[in-house]
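I opened my notebook for a friendly look at how some parts of this protein pack together. Here is the structure I was working from.

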Amino acid sequence: MNRRTEVENQIKALSDASWLFPSQAAVYQELLPFLGGLHRVVNLYGLQGVGKTFLVHILCKENRVEYVSSPDLIRPADRPLVIDNAPFQRTAVRGMRNQMRRFDLQQVILVTRLSLIHISEPTRLGMISYA
């Protein structure tokens, strides 16, 4: 294991919700009611480096969600499933509903990265929910 991976693993082990920046903490507070609620899909989006994956790792550590790093790794889950590196395009997000049915997933949090092309106004971290 290289030094960078060791440091990242130490950060993950020590981190909790108190480590979140204000914009991350706001999204964290918005996500909590979603867990176990009526919405089936939430898209957590933002530019690379704003803390989307860090936020969901904290949710995993709290045993609120389960995590996969790619849509190719979707699997059955007892808790809401976080799917990192999900496609941003709305049609692709809709297409993931078939996989949700296939694996009988009740709730999914998609983590999508925006490129500068997708941004019409400055953004740090955001959330869109789909029924």
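**Entry 1: helix 1 and helix 3**

I started with helix 1 (residues 3-14), which packs against helix 3 at an angle of about 55 degrees, with the two axes 9 Å apart. I kept in mind that this is a predicted model. Angles from 65 to 115 degrees would count as roughly perpendicular and those under 35 as roughly parallel. Helix 1 and helix 3 are therefore oblique to each other. I also noted the hand of the crossing: helix 1 passes helix 3 in a right-handed way.

Which residues meet here, on helix 1 and on helix 3? From helix 1 I listed Ile11, Lys12, Ala13 and Leu14, and from helix 3 I listed Phe54, His57 and Lys61. Sorting this contact by class gave me 4 nonpolar, 1 polar and 2 charged residues.

**Entry 2: helix 2 and helix 3**

Next I turned to helix 2 (residues 22-34) and its packing on helix 3 (residues 52-61). Their axes come within 10 Å and cross at roughly 45 degrees. That angle makes helix 2 oblique to helix 3. I looked up the hand here too, and the crossing of helix 2 and helix 3 is right-handed.

For the contact, I wrote down Gln24, Val27, Tyr28, Leu31 and Leu32 on the helix 2 side. Facing them on helix 3 are Phe54, Leu55, Ile58 and Leu59.

**Entry 3: a cavity**

The structure holds 1 cavity of 30 Å³ or more, and the largest cavity has about 30 Å³ of space.

What lines the largest cavity? I noted Val41, Val93, Met96, Arg97, Met100, Val108 and Leu110. Helix 4 (90-102) and strand 4 (108-113) each supply at least two residues of this lining, and helix 4 gives the largest share, 4 residues. By class, the lining has 6 nonpolar, no polar and 1 charged residues.

Methods. Residues are numbered from 1 along each chain as its sequence is written. This is a predicted model: local features need pLDDT of at least 70, side-chain atom pairs count only at pLDDT 80 or more; totals for chains, interfaces and linings use all residues. Side-chain values use heavy atoms; hydrogens and water are left out. Axes are lines fitted to C-alpha atoms, for helices over the stretch in contact, and angles run from 0 to 180 degrees between N-to-C directions. Angles under 35 degrees count as roughly parallel, over 145 as roughly antiparallel, 65 to 115 as roughly perpendicular and the rest as oblique. A crossing is left-handed if the near helix is turned anticlockwise from the far one by less than a right angle, and right-handed if clockwise. Contact means heavy atoms within 4.5 Å. Ala, Val, Leu, Ile, Met, Phe, Trp, Tyr, Cys and Pro count as nonpolar, Asp, Glu, Lys and Arg as charged, and the others, Gly among them, as polar. On a 1 Å grid over the protein atoms alone, a cavity is a set of points where a 1.4 Å probe fits but cannot get out, and a pocket is an open set with protein on both sides within 12 Å along at least five of seven lines; lining residues have an atom within 4 Å of a point. Grid points are joined across faces, edges and corners, and a volume is the space filled by probe spheres set on the points.
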